[in-house]
Amino acid sequence: MYPLRTEYTMDEKNLNSLNIELMTLIRRSALDKKLGGLDRSSYTLLCHLAGCSQLGVKALAEQLGLDSSTISRQTAALEAKSYIERVPDQCDGRASNFRITELGRQTLEQAREIRLRRYGQLFEDWSAAECRMFTEMLSKLNRKLAE
């Protein structure tokens, strides 16, 4: 365990508060594992495929920052539900890519609507400026985490 300190600089106080708030955010957001009928990993993968014509496991892994075995498991689960389908890779006949199916698009859209409604409820007492600033700060954090 980390030793407790009684004196902190302002930066250390901010970092400690940030640590606590991020832990709380991650824990609480994990409670909504199937918000809209899709777990976070399925939702993320379907969102990504909806924005592309088709991608292979390696490209998905690189773009999402995951390993190929994780993507293989996730795509297998989505393929079993007919949310995505395999298509031959036009450049490499031995390989295949994935693309979202119409059922996948419909399921994704339903999940997105439920999530947006939930976020609307969570942020209903925030001003538009606060929401924009929060979004900008999250975006900045995500870019930094991707470095």
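**Close-up views of a predicted chain**

Arg86 is partly exposed, with 47% relative accessibility (under 20% relative accessible area is buried, over 50% is exposed, and partly exposed lies in between; 1.4 Å probe, protein chains only). The model is predicted: local features need pLDDT of at least 70 and side-chain atom pairs pLDDT 80 or more, while totals for chains, interfaces and linings use all residues. Residues are numbered from 1 along each chain as its sequence is written, and side-chain values use heavy atoms, without hydrogens or water. The side chain of Arg86 forms a salt bridge with that of Glu79, at 3.3 Å from N to O (a side-chain nitrogen of Lys or Arg within 4 Å of a carboxyl oxygen of Asp or Glu). Glu79 counts as partly exposed because its relative accessibility is 26%. Four salt bridges are found in the whole structure, and the Glu79 and Arg86 pair is one of them.

**The whole chain, for orientation.** The chain has six helices and two strands (DSSP runs numbered from the N terminus: helices are H or I with at least four residues, strands are E with at least two). Read from the N terminus, the order of elements is α-α-α-α-β-β-α-α. The chain has 147 residues, and 21% of them count as buried. For contacts between residues at least 6 apart in sequence, 45% join residues at least 24 apart (a contact is heavy atoms within 4.5 Å).

**Glu85 and Arg99 across the two strands.** The side chains of Glu85 and Arg99 form a salt bridge at 2.7 Å, N to O. Glu85 is in strand S1 (residues 84-88) and Arg99 is in strand S2 (residues 96-100), so the pair ties together parts 14 residues apart in sequence. With 31% relative accessibility, Glu85 is partly exposed. Arg99, at 34%, is also partly exposed.

Leu15, Leu18, Leu22, Leu25, Ile26, Trp126, Phe134, Leu138, Leu141 and Leu145 make a nonpolar surface patch of about 900 Å². Helix H1 (10-29) and helix H6 (128-146) are the elements that give two or more residues to this patch. H1 supplies the largest share, five residues. Patch residues have over 30% relative accessible area and no salt bridge; nonpolar side chains (Val, Leu, Ile, Met, Phe, Trp, Tyr) are joined within 5 Å, like charges within 9 Å. Leu145 belongs to helix H6 and counts as exposed because its relative accessibility is 62%.

**Lys144 and Glu147.** Here the side chains of Lys144 and Glu147 meet in a salt bridge, with N and O 3.2 Å apart. Lys144 is exposed, at 55% relative accessibility. Glu147 is exposed as well, with a relative accessible area of 72%.

Cys47 has 27% relative accessibility, so Cys47 counts as partly exposed. Cys52 falls in the partly exposed class too, with a relative accessible area of 24%.

Definitions and conventions: Accessible areas come from the Shrake-Rupley method with a 1.4 Å probe; for residues, only the protein chains shown count as cover.
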